[in-house]
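Please look over the sequence and the model below before reading on. The briefing that follows is meant to be read beside them, one topic at a time.

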Amino acid sequence: MSDNSPYIGLNKRSYWKTAVAGGMSDALSGIYRPRFTISTTDAVVTAGSCFAQHIGTNLKKRGYVVLDAEPAPPGLSPDVAKAYGFGLYSARYGNVYTARQLRQLLVEALSDQPTRAIAWLKNGRAYDALRPSVEPNGLPSAEDVARHRSAHLAAVRSLLEQVDVFVFTLGLTEVWLDRATGAAYPTAPGTVAGSYNPDEVRFHNLSYNEVVDDLNAAVDIIRNLRPSARFIFTVSPVPLTATATDDHVLVATTRSKAILRAAVDDVISKRADCDYFPSFEIITGAMSGNVFFEKNLRSVTAQGVKAVMNTFFSSHGDVQHADRTQEFSNPEDQSDIKDSVVCEDALLDAFAKS
Amino acid sequence: MASCLILGNSHVAALAAAQNAGLAATSFDRVEFIAAPRDQLKHLVVESGRLVASDESLRMSFDKLNFSHSVDPRDFDIIVVCGLGLGLRRLMRLYVTHYADTMRHDPGRRPLSDDCFQQALVGLMGRSLAWNLIEKISELGSSRMTLVPEPAPSSEVYSDHTNPGWALAKRNGDIDVLGVFYAKALDVLTKGRASLVLPKQPLEDAITSAPRYSSGSVRLTNDLTSHHDKADLFHMNAEYGALVMATLSSIPQHES
């Protein structure tokens, strides 16, 4: 063996044997080196797929300023508020699974054009097709959907004017597009509301280039409005509940996550104001041995969420969790973090034949 | 013939005034009042099956009014919880910041679906001390629980700038729809758990009373019934109290 290999003398974190094979504590040490820190005075906005709900919740618990442009009205219990889409993210946009949805939301929020909402119907009630889960019983009419959406977009606009750190969790590449408008839906019509009509919607699996374009466009839109804004991207470790491709769902999941992960890498490699936080790696890495997944091998356990969040906070200099060794000693400890995220994607389970 | 315990805050005074003045035509053979400011009544706790004043300030208030420091609700056929934050002010707290689909759409307020508005209102009313006490007492025994919400304020409230919700409701034409939301919230809360006594006769519309019922309104003092500030649009007088007492009195004959 040569004594002048470029692999000699690297940091412990550079070798699988010392960084991963040694177990969880080794793996998490140095797995995330933030490009910038988040202070407790920074205005944080969160958005993304279901897993992103944990990020916002934990940031709030730790005293960070997570903006909420559409707070729940007084009187709603936390569970009911969540069912109406309050408090899940910085506004009631529901889950934003794809970079395409994020871009579309930002464009719409900053548009001078009157809001043209797409309403899905169910039992005579109208649902906002771009966030169908935020009104569990729908609204009386399509006009009401448009009016609610217009107020929602104004709230999103106010967020963008204040944001210091935008945290976005990418979840999927598979998306359903409206044929007439190109609008990207968070779920296929017929899942929460509406009905599937192939003449009106089409399935699309976003390519690497498309995700890169959408992410860059989203960053540009926000930075035009808020030049000092910084971005943290994560990739959800939660696999697809179902794929609309002809592939095996595991293959489809791998494709989706690989594209998202690579696209984020492209964006952050060219933008100093953007960073990547490896929640995907923490949960799915070989060192975890699947202990971070529930029995359905899909939902992330409370322990997994804790590992992700503690890594995030300790990397940002939050000393309260500098010593993490205790936190992985008791796999039964589900403590205060319950997997109670709101997720349209999980509804697709109902379509699976047992 | 039945016994009745009436428990609440300053709104009890109108009922007591009616009773003391002999205005209340009731069939009760025994009526007892326990009243104190809302902040003090938070310290009325359940101990060994009795309601007990657990705080010195509450005990002092009870002393002033010659109340016992504890009471067994099971000694009464009817327990009435009166006022204690359960009323239209909670509805207005929500209305000044939010509107429901069936209300006028103001750009300055946030839209909610009717369902969401209704759930928020039920939640707000359910968090009142009145409802908290009803739940506590219900766990103690079989005494019939009755809720007397805070009265609808005098219709003069529409021109009272310190309570902008009512003026907004009038300007927006939302009086009737607010009344529907309020009635439904009361129904949701009380259904199967308490009787509701809210006399309709004094109402001028769905959310206000005729001014004559608040004229000469009374408040809690040593005799429970001294006159209130004339400008108080939210407390009622003995005439109103008599209507409530008469309705309360009719409950045992209608329900077994």
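The model is predicted, and its chain B and chain A bury about 1,400 Å² between them. Over all chains, the rule for salt bridges gives a count of 23, while the structure holds zero disulfides.

**Where chain B meets chain A**

- The size of an interface is often given as the accessible area lost when the parts come together. For chain B and chain A this comes to about 1,400 Å², with 57% of it on carbon and sulfur atoms.
- In terms of residues, 17 residues of chain B are in contact with 19 residues of chain A.
- The rule finds one salt bridge across the interface of chain B and chain A, and it is formed by the side chains of A:Arg147 and B:Asp101, with an N to O distance of 2.9 Å.
- Across this interface there are also nine residue pairs in polar contact, counting pairs in which both residues have pLDDT 80 or more.
- On the side of chain B that touches chain A, the elements that give two or more residues are helix H4 (88-95), strand E7 (98-100), strand E8 (110-112) and helix H5 (114-126) of chain B. The largest share of that side, six residues, comes from H5(B).
- Sorted by class, the side of chain B that touches chain A has seven nonpolar, five polar and five charged residues.

**Salt bridges within the chains**

- A:Arg147 and A:Asp144 are separated by about one helical turn, because they are three residues apart in helix H6 (residues 142-160) of chain A, and both A:Arg147 and A:Asp144 are buried.
- In chain B, the side chains of B:Arg109 and B:Asp106 meet in a salt bridge with an N to O distance of 2.9 Å. B:Arg109 has a relative accessibility of 6% and so counts as buried, and B:Asp106, at 14%, counts as buried too.
- Salt bridges that share partners join A:Arg100, A:Arg103, A:Glu210 and A:Asp214 into one network.
- Within this group, the side chains of A:Arg100 and A:Glu210 meet in a salt bridge of 3.9 Å, N to O. The pair links distant parts of the chain, since A:Arg100 is in helix H5 of chain A and A:Glu210 is in helix H7 (residues 208-225) of chain A, 110 residues apart. A:Glu210 counts as partly exposed, because its relative accessibility is 23%.

- A disulfide is a covalent bond between the sulfur atoms of two cysteines.
- B:Cys4 counts as buried because its relative accessibility is 0%, and A:Cys274 counts as buried at 0% relative accessibility.

**Buried residues and their contacts**

- A:Gln104 has its place in helix H5 (residues 99-110) of chain A, and with a relative accessible area of 18% it is buried, the cut-off being under 20%. Leaving aside neighbours within four places in sequence, A:Gln104 is in contact with A:Leu130, A:Gly182, A:Ala183 and A:Ala184.
- B:Leu189 is found in helix H8 (residues 175-190) of chain B and counts as buried at 4% relative accessibility. Apart from neighbours within four places in sequence, its contacts include B:Val122, B:Met125 and B:Trp131.
- Although B:Leu189 and B:Met125 are 64 residues apart along the chain, their C-alpha atoms are separated by 8.2 Å.

**Positive phi in a loop of chain A**

- Most residues other than glycine have a negative phi, and most peptide bonds are trans.
- A:Asn290, which lies in the loop between helix H9 (279-284) and helix H10 (302-315) of chain A, has a positive phi near 70 degrees, and at 44% relative accessibility A:Asn290 counts as partly exposed.
- A:Leu297 is found in the loop between H9 and H10 of chain A and has a positive phi of about 55 degrees. With a relative accessible area of 52%, A:Leu297 is exposed.

Definitions and conventions: Residues are numbered from 1 along each chain as its sequence is written. Chains are lettered from A and ligands numbered from 1 in the order in which they are written. Side-chain values use heavy atoms; hydrogens and water are left out. A disulfide is a pair of cysteine sulfur atoms within 2.5 Å. Buried means under 20% relative accessible area, exposed over 50%, partly exposed in between (1.4 Å probe, protein chains only). Contact means heavy atoms within 4.5 Å. Buried area is the accessible area (1.4 Å probe) that two parts lose on being put together, summed over both. A salt bridge is a side-chain nitrogen of Lys or Arg within 4 Å of a carboxyl oxygen of Asp or Glu. A polar contact is a pair of N or O atoms within 3.5 Å; within protein, one must be able to donate a hydrogen and the other to accept it, and residues adjacent in sequence count only if both atoms are side-chain atoms. Helices (H or I, at least four residues) and strands (E, at least two) are DSSP runs, numbered from the N terminus. Ala, Val, Leu, Ile, Met, Phe, Trp, Tyr, Cys and Pro count as nonpolar, Asp, Glu, Lys and Arg as charged, and the others, Gly among them, as polar.
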